[in-house]
Amino acid sequence: MMRVGGSGGSTEFCLKPIGGARDHWRTGPTGSQPLGCRESEQNVFRVRNDLTSELEKANIQIADTESFSNDPCVNVKKLKDNDVRIIIGQFDENLASKVFCCAYNLNMYGSKYQWIIPGWYQGNWWEQANSTNCTTKKLLTAMEGYISVDFEPLSAKRKKGISRRTPQEYELEYTREREQKGVEASKFHGFAYDGIWVIAETLKSVMKLLQKRHDMYHNMTVDDREVGKMVLDVMNETNFFGVTGQVMFRNGERMGTIKFTQFQEGQEVKVGEYNAIADVLDLINNTIRFQGVEPPKDQTIVHQQRRDINVPLYSILSTITILGMLMAGGFLFFNIKNRNHRLIKMSSPYMNNLIILGGMLSYASIFLFGLDGSFVSDKVFETLCTVRTWILIVGYTTAFGAMFAKTWRVHAIFKNVKMKKKIIKDQKLLIIVGGMLLIDLCILICWQIVDPLKRTVEKYSLEQPSNLPEAQRCVATKAPQSRPERNSGGNYWSTTSRHGELCHQTDGIIAVSSLEKSRQED
């Protein structure tokens with residue numbers, strides 16, 4: 001099964017870029033949003049809903065979503081409590097510094113966690129946007145290894161496109177012109193440049209279509225709606241190589257290249273890219289680094305670990321038990337063989353035999369108590385729950401009852417010193433032992449009828465991050481039982497999208513953990 005969790009938050013203002021430069025912003029109160037802000041907010045939610053839909057199609061289940069507007073620590077703590085390990089966050093630089101500060105304090109970093117955040121932050125944003133009580137060193141520690149996702153501003157291919165320039169030649173020319181005019185750089189200049197070419201090529205193709213119709217029908221008239229449809233149709237057929245890569249549209253959306261970078265030792269390193277047109281993910285060899293020996297697990301994978309009887313220990317105790325039973329058997333043989341001997345006869349050989357037999361039954365119960373799921377089936381184990389209890393109780397009562405009866409006879413003979421002679425025969429002692437056994441049998445039978453012993457598996461708390469020990473027990477089903485605590489065994493990531501003017505009102509986190517649906521639940 002695949003687990004996904006998410007959270008979202010909102011800032012107290014609406015942001016809108018000025019002049020296409022994302023380093024300059026106007027702010028306004030939420031109550032008086034600038035034109036288009038509510039539409040952009042809806043776009044953000046649409047992107048999140050689309051992401052959720054795509055995750056469900058990929059057999060990924062949303063495990064948790066959290067929303068916050070200021071202090072994210074409570075929400076990050078909930079993600080940790082839900083054992084989320086792969087985290088996708090959707091927030092700006094200011095909230096990102098707060099999130100990573102909380103992650104540092106909660107120890108949500110390192111080899112067990114993978115953060116995925118937007119890649120459109122400013123350079124060294126952790127220094128400029130740090131409004132937390134965490135030092136830069138702590139933030140860098142928590143940020144180590146995060147993966148950022150962003151569009152590729154310029155193609156890396158050295159190929160001349162529709163402008164007869166390679167992306168590298170265009171960038172040099174753009175930089176030179178920008179520096180001469182004293183204009184700050186914009187991240188979207190390549191898309192703006194290709195966008196102009198899209199408009200030019202579209203208008204050119206539409207003009208050709210209109211000219212062709214005019215040649216066929218001299219008195220042709222075309223209204224605005226028809227021209228608009230022609231523009232959309234031609235634009236959807238756009239396909240050329242620009243400075244940002246292959247320019248194509250699908251369902252009205254520009255298909256491009258997504259860039260993946262990883263934060264490694266204080267700087268972002270490109271580790272791969274995704275070509276949406278070809279639907280190909282290309283990872284650069286040996287560039288992506290995980291802080292563990294392998295990628296983080298999406299959650300704590302709990303392995304049920306049955307605690308069986310230690311075989312060497314069971315073998316040693318069984319050997320000692322066999323020796324005890326052999327010794328008891330030797331005593332029984334000696335007692336029966338010499339039962340007519342004067343001294344043996346005076347010690348009540350029948351009572352001695354009962355003591356030996358009771359001891360041998362108690363010895364036998366040791367073998368049965370050592371048999372568990374590693375030796376017998378569950379059905380046989382449940383039967384042993386009753387058998388071994390009866391054998392131990394009957395054996396103990398037989399041995400103790402015979403010893404008690406002999407002790408009582410000595411007490412009865414010597415308590416009255418004035419009596420010259422008092423005879424208490426073995427038959428009377430056997431009746432005492434029989435009475436004790438009858439009481440035991442009545443209790444055992446009632447116990448078996450009312451509340452028989454059943455096999456249960458008791459789960460203990462996690463000893464290690466991946467091992468959950470359990471042991472088989474025999475318990476009475478109707479007796480009150482204490483339930484052992486169970487520890488629950490987490491992941492999380494975030495993306496954002498910017499289309500032209502984007503008014504931010506929602507930041508947040510989406511936590512994702514992926515498991516095969518076919519995997520058996522622990």
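This is a predicted model: local features need pLDDT of at least 70, side-chain atom pairs count only at pLDDT 80 or more; totals for chains, interfaces and linings use all residues.
Close-up 1. Together with L313, I316 and L317, I320 makes a nonpolar surface patch of about 380 Å².

**Close-up 2. The C73–C102 disulfide.** Searching the whole structure turns up two disulfides. One joins C73 to C102, with an S to S distance of 1.9 Å. This pair links distant parts of the chain: C73 belongs to helix α2 (residues 73–81) and C102 to helix α3 (residues 93–105), 29 residues apart. The torsion about the S-S bond comes out at about -75 degrees, so this disulfide is left-handed. As for cover, C73 is partly exposed at 27% relative accessible area, while C102 is buried at 2%.

**Close-up 3. The C101–C134 disulfide.** Here the sulfur atoms of C101 and C134 are 1.9 Å apart and form a disulfide. With 70 degrees about the S-S bond, this link is right-handed. C101 lies in helix α3 and C134 in the loop between α4 (125–128) and α5 (136–143), so the pair ties together parts that are 33 residues apart in sequence. Both C101 and C134 are buried.

**Close-up 4. C442 and C446, two cysteines without a disulfide.** C442 is in no disulfide, and its nearest cysteine sulfur is that of C446, 6.6 Å away. A disulfide needs the two sulfur atoms within 2.5 Å, so at 6.6 Å from the sulfur of C442, C446 is in no disulfide either. C442 is partly exposed, with a relative accessible area of 42%, and C446 is also partly exposed, at 47%.

How values were computed
Residues are numbered from 1 along each chain as its sequence is written. Side-chain values use heavy atoms; hydrogens and water are left out. Patches are made of residues with over 30% relative accessible area and no salt bridge: like charges are joined within 9 Å, nonpolar side chains (Val, Leu, Ile, Met, Phe, Trp, Tyr) within 5 Å. Accessible areas come from the Shrake-Rupley method with a 1.4 Å probe; for residues, only the protein chains shown count as cover. A salt bridge is a side-chain nitrogen of Lys or Arg within 4 Å of a carboxyl oxygen of Asp or Glu. Helices (H or I, at least four residues) and strands (E, at least two) are DSSP runs, numbered from the N terminus. Buried means under 20% relative accessible area, exposed over 50%, partly exposed in between (1.4 Å probe, protein chains only).
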